[in-house]
Amino acid sequence: MAPIPRLKAYEGPALLSYGFRPLFLLAALQAGLTIIVWLGFVTGHLAIPTAFAPVDWHIHEMLFGYQAAAIGGFLLTAIPNWTGRLPVQGTPLLVLVLAWIAGRIAVAASALIGWRLALAIDALFLILLAGAAAREIVAGRNWRNLKVVVLIGLLLVANLAFHLEAALTGGADYARRFAIAVVLMLVGLIAGRIVPSFTRNWLAPRGAGRLPIPFGGYDKVVLAASALALSLWVAQPDTVASGVALALCAVLHAVRLARWAGDRTWRNPLLVILHVGYAFVPLGFALSAAASFGLVGPGAGLHAWTAGAFGTVTLAVMSRASLGHTGRPLVATAATQACYVLIVIGSVARICSGLGHGPVALLHVAGLCWSLAFLGFAVSYWRVLTGARLGPKAAPAAGPA
């Protein structure tokens, strides 16, 4: 494990004392409210003065609004653990938060202010986040985690491409796949370290038995294969080459998950949900492979990744990190467990609706469960994220080095 970061005296609002506090709260509110607004938008009951088509606005705000905030909250919490340096807090953190909020307003009003200005404002958060992450990692000489900064840079490129493609062609098919691929690589990289690490830390003191295999050579092969398969998928999702590569990755990720001893964590909801969330990764590869061969629609695989893997892993990490870094016991309350159940039900419902074999009501069930899961997190963790920390500093909960 990396050194615990040094802490400096901080007398400002608790909300701005650590990056996870405002960004996890904003991510949860964005995730919950965006789905509600989108359902009204796409059915014609609400109007948003955005230059994006309804489906593109929905996808953009889930990837570059909610997901970017969640990633930012995780990185600003994990990087001090990786480097031992001081966390970003106070005014610098407020600038990041305001940049994120400005981006959401600019995208929503892009039809009024023009897509070019909206692009410039929306890009600011990821530019600042990448800059802050690079500065801390370089200053802390934590070279191996510079790959995270590269992925944030690629996410920024995907955001710029999303605006450009939507403005020039009326849709953002390539850019949305590119962004999903980048986030999926981030999930694969980060989950590949924290899931086996947290699982081992919990299982090891509990006696003999199978322990997770830590990040190693096999994981690097899986990530390299995933990068190749996703590159093919972004460029040509409906080809045989893409389908074969995606199917191979489905097997590789399923084996990877099996190596983490998730079957031994059933008594710990904070761990179980991490394994369940990652299970959507191989499922997404398998469904996307099937879509490449014309066996199912593309929506099922997309939502296995976005609603299932991204949503569930994000919720799991946000809850664990929020508890651990505010000095609270790493125990999932009934409210937290309810959020976990809702996000899994919502994800499964959305995947099934993407298969095209279920009633239209499945889409509304998925949206309702998703919104309740994230809004439930925002409500139940409001005091955790906005209040003072309890007791001495906890062990790192955002991830190993």
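These legends describe close-up views of a predicted model. Residues are numbered from 1 along each chain as its sequence is written, and side-chain values use heavy atoms, without hydrogens or water. Local features need pLDDT of at least 70 and side-chain atom pairs pLDDT 80 or more, while totals for chains, interfaces and linings use all residues.

**View 1. Helix α3 and its cover.** Helix α3 spans residues 91-108. Helices here are DSSP runs of H or I with at least four residues, numbered from the N terminus. α3 has 18 residues and reaches 26 Å from its first C-alpha to its last. That is close to the 26 Å expected at 1.5 Å a residue, where the expected span is 1.5 Å times one less than the number of residues. Buried residues of α3 include Leu93, Leu96, Trp100 and Val107. Buried means under 20% relative accessible area, exposed over 50%, and partly exposed in between, with a 1.4 Å probe and protein chains only. Their cover includes α1 (20-42), α2 (54-83) and α6 (146-169).

**View 2. A nonpolar surface patch.** Leu94, Leu98, Ile101 and Ile105 form this patch, with about 330 Å² of accessible area together. Areas come from the Shrake-Rupley method with a 1.4 Å probe, and for residues only the protein chains shown count as cover. Nonpolar side chains (Val, Leu, Ile, Met, Phe, Trp, Tyr) are joined within 5 Å. Ile101 lies in α3 and is partly exposed, at 31% relative accessible area. An α-helix has 3.6 residues a turn, so residues three or four places apart point the same way.

**View 3. Asp219 in helix α8.** Asp219 lies in α8 (residues 217-235). Asp219 is buried, with a relative accessible area of 0%. A polar atom of its side chain lies 2.9 Å from the backbone nitrogen of Gly216. Leaving aside neighbours within four places in sequence, Asp219 is in contact (heavy atoms within 4.5 Å) with Pro214, Arg256, Arg259 and Trp260.

**View 4. Two loop residues with positive phi.** Arg141 sits in the loop between α5 and α6. Its phi is about 55°, although Arg141 is not a glycine. Ala261 lies in the loop between α9 (240-258) and α10 (269-292). Phi of Ala261 is also positive, near 55°. Most residues other than glycine have a negative phi. Arg141 is exposed, at 62% relative accessible area, whereas Ala261 is buried, at 0%.

Definitions and conventions. Patch = residues over 30% accessible without salt bridge, like charges linked within 9 Å, V, L, I, M, F, W, Y side chains within 5 Å. Salt bridge = Lys/Arg side-chain N within 4 Å of Asp/Glu carboxyl O. Polar contact = N/O pair within 3.5 Å; in protein donor to acceptor, adjacent residues only side chain to side chain.
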